[in-house]
Each structure stands twice: as structure tokens, then as C-alpha cells.
Amino acid sequence: MTPSTATAHTEQTALGLADAVAEQLADPGSVALPTAHRQHLAHGLPGIALLHIERAAAGIGPWQRAHDWLAAASREPLTSGPDSHPFYGAPAFAHALACAADHLPGTYRHAFDTLDRQTAADTNRRVDAAHRRIDTGRLPVLAEFDTVRGLTGYGAHLLHRDQGSPALRAVLGYCVRLTRPVTHDGETLPGWWTETGPSGRPDDRFPGGHANNGTAHGICGVLALLALAARRGVLVAGQDEAIGRILTWLDHWQEEAGRGAVWPYWVTRAELRAGRLTPSAPRRPSWCYGTAGLARARQLAALALGDTRRRLDAENTLLAALTDPAQLKATTDNGLCHGFAGLAHIAARAANEAHPSTAGRLRAVIPALLAAVHPPDTDPVHAATTLIQDQQRGPGFLDGAAGIALALLAATATATAPPRSAWDACLLVA
């Protein structure tokens, strides 16, 4: 089998798994989900709806399935206000609905009348609270600003839904302020320093707190949002300087390991005081935490700033992470959040915007990542059943079968087109 034939076979195998997952998730009535997960973008109905929206937008699945999953997601009252966030309740449903509405103009207008007002009100309330917190000299909690639960996630939705929204500009202005250094207990800290551990709760392993570098819960989500907004012409005062401050922080904490640069998931108070990191074992290069998600955010920032040197550095860093045996060995699952499907999707997104000198090399690593998710000659129906019935990860979007299927669809389309819907806007990779 020639290399090109092997690649084609790997892609067909991956598409077979994506198709099998979609078929087994055709009917929302046949999928048992915990009540707590039903409104959750990561684990529940809105996230599974994204798979059928993408397939319908690409012309390989019926819109009726997307409608059925959206209807199931909205059948019971959606949580809104302080108990909701970008991945739970009304905001999570709004993301899925917006992805469908992009391709069905005029549809869901009544639902959006309510959702848009609620999203703007929730966003403005959170921005106001964040500014009051900064004014009083207190440090943030991760859920104030992160991608999954915080204002960065609200910004991601608004950037997709309404780029002229005053609420979006309010989020960007807050993000600029978040990046400014603060003095706390006599020490200079980055503005996103939190007094808790990475779980968001007090943690004896993190005396004095930490600075989170992740895309899901840390400053790289903020970096990606600022960069994506700048590339779309949505600008506020100080936006370029804020991007620069985050990049300078990442430059300082960059390490060389294996085949290229890597970054820690977080920086502790002891490391900040010492100005250097504590040695650690190789870590997985995931979307949520890790070099792959971080490298994509750096690539987006470089594109926003027109910085070719930094762009090439980010792309080569990503390439190194995706071919480093030590980092790949640390990757132990197939999900979108921190597994091989997520790595394949980031590689695909980055390759579509990469410099000509790196685009082909990034595309060349995708087949191996697809094969890690679903080895060639593996029965796709059996594999789909195993994924969906996995007690830990299940059928959902962020860790489970629906997200894996979406990533496989996107990664096998790199030579022609990116995803047809904006399902990954919530991840801030595009």
C-alpha cells in the first residue's frame, strides 16, 4: 500500500466511525443521559446536536436529526442567569442553535429573541462584577474568565453570534484589563492569578495559588479570543498590548523538551518567585491544557499581529508536539478535550491557516492521529457502540463520541474545507 493509499484508507476508516456514531445517535429518545448532563454542552443534548448540525450543513445528514436534538434539548426549561454558563443551560443551547441558524436564515428567530437578550444581560452582569472585583484589589476565580464557565466563553459565543454586540466589546475590554499586572500582598502578579488550585477550589498543593495557562481554564483562552476578535476587526483600546502581554508571559515560561518547546499547565507561586519551573514528566499536548491548544492560540495571535516569525514558531511547536513520542505517550484517550481526536482537529485547523512551509507537514501528521483514534480495519459500528456506551465518557461532545465524530469529520476535510458549521467556536480554535 502506497503512502497516499494508506492515508486515504485511514481517512475512510475515520469517516466510517463518524458515520456510525451519527447513526447510533440518530434518535435522542434512544440515548440515556443523567439529568444533570441534559443541558450541558460538554456532556449532554446541545453538544450531541452539534454533530447532526455539522453533518446537515455538510450535506451528509438530514436537518431533521438536528431539529430533533435541538427540540429535545429545549423540551424542558433551560437554566439561565447566575446558575448558567457557556457550557451549561441557556448559553450552551444558544451556541448549538446559532450553529444551525447560520445555515437556516430566519429559523429559530423567536427563540433567539429571548436567548440574545438573556446572553447580553448575563454577560454585562458578569463584566460589571469582574470590574468591581478588580477595583477592590481582589484576585479572580477561574470561573470569572475561563472558556468553559466564564467571560471568555461568553465572548466566544458573541463573536460568533453578533460581532457588533456592545456586550462583546465589554468582554474584550475586561480581557484587556485582566492581562494587566496587579500587586497583591506586596508581590507583582499577572492579573489572571487565582488564589485557588486548578480545580477552582482551595488546594494545599497550590499555596499562594497559581497562574493557569490552559485554553479551557486559563489565559490561552483569553489570548485566542482577543486574537480571533482582532482578526475579524472587532477591536477595543489596548487589545494588541494585551495580546503582547500574554505572549511575553508565555515566552518567559517556555521550556525545551523532546522535539521542541513546551509550556507548563500552570505556574505556582513558588515557581513565580524563583523565575523558573519545577521539572516535571512529559505532559499530554491537549486542547484544554497543553502545548497543542496553546500553540494554536499563539498561531492565532501571530496572525492577528502579522508576526510571521512568531507564526512559524507556533506552527513548528505544534508540529513538534504532535510528533514527540513522549508527549503522545502521555495522551491516553481519544476525546476532543484532551485526547487524539482533539489533537487531530487542532492540527487540521492550524494547517488550514499555516505558512506554506509548515502547512503540508502539519497535514502529514493527521493520519497518524486519526489512526490512534480508530485504527484502520477496525469495525466502525463496534467502535461507535463502545464509545457511546463508555461509562466514563459516553456519547457527549467534549470527552465522548459526538465530539470525536466531529473532529474526525473536520480532520479528514483538511484538503478541501474547514467545518461547515461553527461548532468549534466554543473551543476558540477558530
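# A guided tour, helix by helix

Begin by selecting helix α13 (residues 308-321) together with helix α16 (residues 356-373), whose axes come within 10 Å and cross at roughly 20 degrees. Because angles under 35 degrees count as roughly parallel, α13 is roughly parallel to α16. What you have open is a predicted model, and every stop on this tour should be read with that in mind.

Now select R298, which belongs to helix α12 (residues 291-305). Is R298 buried or exposed? With a relative accessible area of 1%, R298 is buried, since buried means under 20%. Setting aside the neighbours within four places in sequence, you can pick out the contacts of R298 with L223, L247, L250, D251, Q254 and W263, and also with R310, D313, A314 and T317.

Move on to a second pair of helices, α5 (residues 109-135) and α8 (residues 166-178), whose axes come within 9 Å and cross at roughly 25 degrees. The two helices, α5 and α8, are therefore roughly parallel to each other, and their crossing is left-handed. On the α5 side, select A120, T123, N124, V127, A130, H131, R133, I134 and D135, and on the α8 side select A167, A170, V171, Y174, R177 and L178, for these are the residues that meet. By class, the contact of α5 with α8 is made up of nine nonpolar, three polar and three charged residues.

In the loop between α4 (90-101) and α5 you will find Y108, which has a positive phi of about 65 degrees although it is not a glycine. In the loop between α7 (151-161) and α8 you will find D162, which is partly exposed, with a relative accessible area of 36%. If you draw a distance from the C-alpha of D162 to the C-alpha of T123, the two are 13 Å apart in space and 39 residues apart in sequence.

In soluble globular proteins, nonpolar side chains tend to be buried together. The largest nonpolar core here has 89 residues, and those that touch the most other members are V21, L50, I53, L70, W287, F397 and L427. Select L427 and look beyond its neighbours within four places in sequence: L427 is in contact with F87, T215, W287, L336, F397 and L398. Another core, of 51 residues, lies apart from the largest one, and L168, C175, V222 and A301 are among its members.

Which residue in the segment after α18 (401-411) makes the last stop? Select L428, which is found in that segment after α18 and is buried, with a relative accessible area of 2%. The phi of L428 is near 60 degrees, a positive value in a residue other than glycine.

Terms used:
Residues numbered from 1 in each chain as written. Predicted model: local features only at pLDDT ≥ 70, side-chain atom pairs only at ≥ 80, totals over all residues. Heavy atoms only, no water. Axes fitted to C-alpha atoms, helices over the stretch in contact; angles between N-to-C directions. Helix = DSSP H or I, 4+ residues; strand = E, 2+ residues; numbered from the N terminus. Parallel < 35°, antiparallel > 145°, perpendicular 65-115°, else oblique. Left-handed = near helix turned anticlockwise from the far one by under 90°. Contact = heavy atoms within 4.5 Å. Nonpolar A, V, L, I, M, F, W, Y, C, P; charged D, E, K, R; others polar. Core = buried A, V, L, I, M, F, W, Y, C linked by side-chain atoms within 4.5 Å. Buried < 20%, exposed > 50% of the residue type's maximum accessible area, 1.4 Å probe, protein only.
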